Amino acid sequence: MFDQLSDRYDLMNRLISLGQDRRWRRALLKRAGFSRIAARQGRVLDVGTGTGRIPMEALGPYPGLRVTGADFSPGMIHQGKSRCPDPRISWCSADALQLPFREATFDAVTSAYLMRNVSDPKCAFEEQFRVVKPGGVVACLETSPPSRTFLYPLVRFHLRKVIPFLGRIISREAGAYTYLPDTTQGFVTPEGLAAIMARAGLEQVSYQEFMFGVMAIHVGRRPP
């Protein structure tokens with residue numbers, strides 16, 4: 001499915017996020033402490049990197065980083081390489097539940113829209129815990145079920161009607177963009193995802209919500 005979406009994936013993310021996706025990625029980098037990591041020319045892994053938007057976003061303000069983008073979809077990696085042939089980005093085909101890296105390799109591990117697509121989020125976080133250095137950061141940007149506030153009907157309409165419509169018109173993959181709201185509404189709450197991170201061994205777990213609670217950035221640390 002993600003191979004089929006790869007050529008229009010970035011455009012669709014921009015549309016369905018109402019143009020906020022880049023701001024969220026920048027917020028993820030800031031909360032993960034990328035300025036400190038770049039100052040010491042640290043190594044960063046982005047899991048489920050897709051077309052590599054987080055690595056590309058990071059190398060602008062933080063040129064000292066060494067970034068690896070890993071994804072299960074060859075189509076996504078192909079799109080990323082063709083759009084940004086930057087030699088500072090290493091690309092890797094990888095399963096998020098069995099990362100092909102040695103323990104304590106990276107100063108930080110990031111992901112965006114990955115956890116609701118894996119069969120075992122705790123296992124995915126355990127793998128990220130394993131490959132990040134002691135004291136290193138694990139940070140993720142992920143969708144969340146909409147809260148039952150007065151805006152709930154509007155948010156639900158966007159998820160159930162607007163996103164599939166855009167998927168049908170823009171990407172010609174209506175089924176995939178029905179999958180997106182279904183997995184969002186069926187996923188855990190931000191509190192639940194924070195608890196999963198803690199069970200995977202991460203400490204100091206915190207999160208920040210965006211877009212009326214439908215989006216959240218979570219950050220945790222591997223103990224020193």
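## A walk through a predicted fold

Let's start inside a loop. Leu 114 sits between strand 4 and helix 7. This is a predicted model, so please keep that in mind throughout. Is Leu 114 buried or exposed? Buried, with a relative accessible area of 10%. Anything under 20% counts as buried, which means Leu 114 qualifies.

What does Leu 114 touch, once we leave aside neighbours within four places in sequence? Val 47, Gly 48, Ala 96, Gln 128 and Glu 142. Now take Gly 50. Along the chain, 64 residues separate Gly 50 from Leu 114. In space, their C-alpha atoms are 9.4 Å apart.

Look at its backbone. Phi of Tyr 113 is near 60°. That is a positive value, and Tyr 113 is not a glycine. Tyr 113 also counts as buried, at 14% relative accessibility.

Let me step back for the overall picture. The protein has 224 residues, and 54% of them count as buried. There are ten helices and seven strands. The accessible surface is about 10,400 Å². Carbon and sulfur atoms hold 54% of that surface.

Back to a residue we just met: Glu 142. Find strand 5, residues 132-143, and you will find Glu 142 in it. Which side chain makes a polar contact with the side chain of Glu 142? That of Arg 116, at 2.9 Å.

What follows strand 5? A loop leads on to helix 8, residues 152-171, and Arg 148 is in that loop. Buried or exposed? Arg 148 is exposed, with a relative accessible area of 70%. Gly 213 is 65 residues away along the chain. The two C-alpha atoms are separated by 10.0 Å.

Next, a pair of helices. Helix 7 covers residues 121-131, and helix 10 covers residues 190-199. They pack at an angle of about 50°, with their axes 8 Å apart. That angle makes the two helices oblique to each other. The crossing is right-handed. Which residues make the contact? Helix 7 supplies Pro 121, Lys 122 and Phe 125. Helix 10 supplies Leu 193, Ile 196, Met 197 and Arg 199.

An α-helix has 3.6 residues a turn, so residues three or four places apart point the same way.

Let's zoom in on Ile 196, in helix 10. Ile 196 counts as buried, at 10% relative accessibility. Not counting residues up to four places away, Ile 196 touches Pro 121, Lys 122, Phe 125 and Val 188. Cys 123 is 73 residues from Ile 196 along the chain. Their C-alpha atoms are separated by 9.4 Å.

Another helix: helix 3, residues 21-31. Which of its residues are buried? Asp 21, Trp 24, Arg 25, Ala 27, Leu 28 and Leu 29. Just after the helix comes Gly 33, with a positive phi of about 75°.

Two stops left. Arg 43 is in strand 1, residues 43-47. At 29% relative accessibility, Arg 43 counts as partly exposed. Leaving out residues up to four places away, Arg 43 touches Arg 66, Thr 68, Thr 105, Phe 106, Asp 107 and Ala 108. Leu 65 is 22 residues from Arg 43 in sequence, and 6.1 Å from it C-alpha to C-alpha.

Last one: Ala 104. Where is Ala 104? In the loop between strand 3, residues 89-93, and strand 4, residues 106-112. Ala 104 is partly exposed, at 30% relative accessibility. Its phi is near 60°, again a positive value in a residue other than glycine.

Technical notes: Residues are numbered from 1 along each chain as its sequence is written. This is a predicted model: local features need pLDDT of at least 70, side-chain atom pairs count only at pLDDT 80 or more; totals for chains, interfaces and linings use all residues. Side-chain values use heavy atoms; hydrogens and water are left out. Helices (H or I, at least four residues) and strands (E, at least two) are DSSP runs, numbered from the N terminus. Buried means under 20% relative accessible area, exposed over 50%, partly exposed in between (1.4 Å probe, protein chains only). Accessible areas come from the Shrake-Rupley method with a 1.4 Å probe; for residues, only the protein chains shown count as cover. A polar contact is a pair of N or O atoms within 3.5 Å; within protein, one must be able to donate a hydrogen and the other to accept it, and residues adjacent in sequence count only if both atoms are side-chain atoms. Axes are lines fitted to C-alpha atoms, for helices over the stretch in contact, and angles run from 0 to 180 degrees between N-to-C directions. Angles under 35 degrees count as roughly parallel, over 145 as roughly antiparallel, 65 to 115 as roughly perpendicular and the rest as oblique. A crossing is left-handed if the near helix is turned anticlockwise from the far one by less than a right angle, and right-handed if clockwise. Contact means heavy atoms within 4.5 Å.
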